[in-house]
Amino acid sequence: MYNFDEIIDRKSTNALNTDGFRDYIFHADETMTFPYKDEEFIRMWVADMEFATPQVVIDAIKERLDRRIFGYTRIFSDAYYKAFSNWCVKRYNWNFERKHLVMSNGIIPALFEMVEYICEQDEKVMFLTPSYAYFKYAADHNNREIVCSDLINDNGHYRIDFEDLEQKASEDKVKLFILCNPHNPTGRVWTQDELNQLADICERNDLWLISDEIHCDLLRAGKKHIPMGKIMPDYDKLITAMAVSKSFNMAGLMISNIIIPNDKLRETWLTRHYNFDNPLSVAGAQAAYEKGEDWLDELNVYLDKNFEFTKEYLAEHLPKANFRISEATYLAWVDIHEYFDEGEDLPLFFANEAGVLLEGGGMFVQNSDCFIRLNLACPNSILLEGLQRICNAINLKMKKGINNEY
Ligand code: LCS
């Protein structure tokens with residue numbers, strides 16, 4: 001019913017995806033050149049999608065535009081809360097109190113603030129690695145130390161090293177644990193048992209816990225997301241973050257949900273956070289929760305197929321790559337250590353040798369050397385071209401015996 005095969009031109013939209021890659025991936029400016037023109041790259045990097053936002057969202061924004069005034073806006077009415085909490089009840093059988101919900105112009109800014117509010121200057125932030133790098137940046141920005149617990153990779157299946165985590169959690173100065181559930185970049189959907197163990201560790205060590213659930217709507221068929229709030233309904237030190245941004249391709253609208261049951265922390269947030277919302281974003285997000293479900297369900301079917309396709313393509317053309325279909329997200333996490341040495345700059349290799357923009361290696365804090373992360377949220381024709389280019393570049397490198405050039 002929806003057309004996920006359509007190729008949409010993003011030129012001249014100031015998209016980070018098309019115009020911001022030099023800075024974000026390579027920390028370079030426009031003087032950095034490649035053998036490919038910018039428009040020739042296959043872009044499989046930043047976590048937004050090449051698909052149109054659902055029409056119900058666009059229509060709601062248009063309706064709001066027609067109201068013609070865009071003054072200071074904050075969610076005062078019940079309508080948004082109802083739409084979002086109905087979504088959580090329907091999809092996750094989980095609910096939360098209205099007064100616990102605050103809005104943020106993104107989860108990243110919320111993480112940056114929370115670290116400051118929760119951790120004293122000498123207290124530390126803990127998370128699992130490989131990790132979405134902004135967990136580290138949130139600590140760095142506030143000059144808080146980080147403590148990383150490496151996930152264990154069992155032939156492509158990642159699991160938590162509970163012994164290591166337990167030991168690190170008990171360190172005196174560890175105050176906050178940021179959990180990514182489902183996990184970016186490995187795509188794990190943590191099970192009830194794993195979440196129970198995590199909850200237990202947080203409770204016993206009196207840790208604050210931010211559960212970043214931004215990817216929770218993007219599940220492979222048969223997978224189930226369990227919000228941490230369901231595991232720890234009475235834990236006062238839990239903060240949950242969810243958003244329409246990833247699920248409905250609305251990251252540029254900068255609206256996300258932060259659920260803070262702790263009265264004191266919420267009070268700090270409400271007094272210190274710049275607390276206004278974009279009226280177009282509110283209209284769009286509400287419509288996504290109220291009317292976007294069919295679209296999301298079809299999107300997930302399309303993503304399932306792109307994952308299957310990727311699995312088959314890699315098995316045939318890059319047999320030494322180790323890849324397991326992610327349980328959630330639209331991000332594929334591919335182990336290519338049979339083809340590369342540790343520490344090689346994989347994004348640079350693939351930009352130069354394949355004309356593909358991707359994230360990989362050191363971009364995920366640690367425990368990520370020789371891995372690439374491919375964003376599969378694109379029309380299948382683009383995915384095919386991207387995979388062809390990636391495999392050809394690696395196979396050519398192996399044939400020529402190039403080593404350590406990057
Ligand atoms: N949290 C996680 C776990 C994410 O993966 C992302 C985006 C965000 C937060 C950002 O939230 P926002 O501030 O937009 O609400 N992930 C990206 C990624 O992996 N590459 O590009 C963006």
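Asn14 is exposed, because its relative accessibility is 72% (exposed means over 50% relative accessible area, buried under 20%, and partly exposed in between, with a 1.4 Å probe and protein chains only). Asn14 lies in the segment before helix H1 (16-19). Helices (H or I, at least four residues) and strands (E, at least two) are DSSP runs, numbered from the N terminus. Phi of Asn14 is near 55°, a positive value in a residue other than glycine.

The model is predicted: local features need pLDDT of at least 70, side-chain atom pairs count only at pLDDT 80 or more, and totals for chains, interfaces and linings use all residues. Residues are numbered from 1 along each chain as its sequence is written, and side-chain values use heavy atoms, with hydrogens and water left out.

His27 also has a positive phi, of about 50°, although it is not a glycine. His27 sits in the loop between helix H2 (21-26) and strand E1 (42-43). With a relative accessible area of 66%, His27 is exposed. Most residues other than glycine have a negative phi, and most peptide bonds are trans.

Now to the cis bonds. One joins Asn181 and Pro182, with omega about 0°. Pro182 belongs to the loop between strand E7 (174-180) and helix H8 (192-204). The peptide bond from Asn184 to Pro185 is cis, with omega near 15°. Pro185 is in the loop between E7 and H8.

Thr186 is found in the loop between E7 and H8. Is Thr186 buried or exposed? Thr186 counts as buried, because its relative accessibility is 9%. Its side chain makes a polar contact of 2.8 Å with the side chain of His183. A polar contact is a pair of N or O atoms within 3.5 Å; within protein, one must be able to donate a hydrogen and the other to accept it, and residues adjacent in sequence count only if both atoms are side-chain atoms. The Thr186 side chain also reaches the backbone nitrogen of Arg188, at 3.3 Å. Leaving aside residues up to four places away in sequence, Thr186 touches Pro130, Leu151, Tyr158, Ser326 and Trp333 (contact means heavy atoms within 4.5 Å).

Asn142 is another loop residue, placed between helix H6 (134-141) and strand E4 (146-150). Asn142 counts as buried, because its relative accessibility is 9%. Which backbone oxygen does the side chain of Asn142 reach? That of Ala138, at 2.8 Å. Not counting residues up to four places away in sequence, Asn142 touches Phe112, Val115, Glu116 and Gln121.

Last comes a helix pair. Two packed helices are described by the angle between their axes and the distance between the axes. Helix H4 (residues 79-92) packs with helix H12 (residues 293-317) at an angle of about 45°, with the axes 13 Å apart. Axes are lines fitted to C-alpha atoms, for helices over the stretch in contact, and angles run from 0 to 180 degrees between N-to-C directions. H4 and H12 are therefore oblique to each other (under 35 degrees is roughly parallel, over 145 roughly antiparallel, 65 to 115 roughly perpendicular, and the rest oblique). The crossing of H4 and H12 is right-handed, meaning that the near helix is turned clockwise from the far one by less than a right angle. H4 contributes Trp87, Lys90 and Arg91 to the contact, and H12 contributes Glu293, Leu296 and Asp297. By class, the residues of the contact of H4 with H12 are two nonpolar, no polar and four charged. Ala, Val, Leu, Ile, Met, Phe, Trp, Tyr, Cys and Pro count as nonpolar, Asp, Glu, Lys and Arg as charged, and the others, Gly among them, as polar.
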